[in-house]
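Hello,

Here is the structure for you to look at. My notes follow below it.

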Amino acid sequence: MKWPLLLVAGLLCLVPLHAEDMSINDFDLDELADFDESAEELLRQFEEKNLNNDLDRENELAAKLAVEALDQQNNLLNPVVEIDPCEKMHCGAGRVCESNGNEAKCVCIPECPEEAEARRHVCTNRNETWSSDCAVYRQRCLCDTKAPGCTDPENSHVHIDYYGPCHAQRECSEEDMKDFPRRMRDWLFNVMRDLAERDELTEHYMQMELEAETNMTRRWANAAVWKWCDLDGDTDRSVSRHELFPIRAPLVSLEQCIAPFLESCDSNNDHRITLVEWGACLELDETDLNERCDDIHKSTPQLLG
């Protein structure tokens, strides 16, 4: 019986003891003296206890590694992205967004590229040729903000008449001007009808055009409201001189009366044209001009500028 006891005692001396794994108290030598089982059974129990301790340590390490791996995966799937405040900031023509930390503001374009080609030049409503549309928009911004570089305070309301160098202006006679509102009404309706035939209008516009086709009393009024709503890009219920560019530019070289006609529409000279002013300019009855832009603006994305 002494041999197994000596063997066990020797093993206990050879195996390092760890406070977190086991202690000498785990084996009572007095009990070992009275232990009747064979040495092989004692050794088996000893090895089994050490194996369980090793498994516990491995499981603990595996759990720790799993948590670290999950954290890394979450960092990859949900990276911390710095949002540029200028991404959601829209600046009008002649302006760019400038950010400072989390704040963003629109400032005048610092400089415009040089345009040597004449086809890049533009003619303004003041019959002045500028090197580019960028130069006109930048000048308007500088004068609007009273910044250095503004050459004339009146340039805060300068806008482009057409592309290309200015040419000699033809005079709009009194007789031509008197007949121009009628011609303008017809032109607006014909454009609206052509777009409807090409299926290039929104559903709301299509309904207005169909009503204009079937109801002669709505023909000119619907066409006038459609174009006014279409020009009101920033949906502020008024059309700026700048927003009139899509009408002015293609016609100014063909219609000598288009420029003075559009200028006359701004009856109070505040550089904006309301629907009432637009109707009066086209010689339409104010009671026929029902503002019908809400549905259009809700269904059609509009570009600011």
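How many helices and strands are there in the protein chain? There are 11 helices and 7 strands, taken as DSSP runs (H or I, at least four residues, for helices; E, at least two, for strands) and numbered from the N terminus.

This is a predicted model, in which local features need pLDDT of at least 70 and side-chain atom pairs pLDDT 80 or more, while totals for chains, interfaces and linings use all residues. Residues are numbered from 1 along each chain as its sequence is written, and side-chain values use heavy atoms, without hydrogens or water.

Of the 305 residues, 34% count as buried (under 20% relative accessible area, 1.4 Å probe, protein chains only).

The largest nonpolar core has 40 residues. Such a core is a set of buried Ala, Val, Leu, Ile, Met, Phe, Trp, Tyr and Cys residues joined through side-chain atoms within 4.5 Å. Met184, Phe261 and Trp278 are among the residues with the most contacts inside this core. The elements that give two or more residues to the core include α5 (174-197) and α9 (258-265), but α7 gives the most, with 8. Phe261 touches Met177, Phe180, Pro181, Met184, Cys281 and Leu282, leaving out residues up to four places away in sequence (contact: heavy atoms within 4.5 Å). A second, separate core of 9 residues includes Val122 and Tyr137.

An open sheet of 3 strands has the order β4-β3-β5, with antiparallel pairing (at least two DSSP bridges between two strands). β4 (129-130) and β5 (160-163) are at the edges with a single partner strand each, so one side of each has no neighbour in the sheet.

Regards

Note on methods. Buried means under 20% relative accessible area, exposed over 50%, partly exposed in between (1.4 Å probe, protein chains only).
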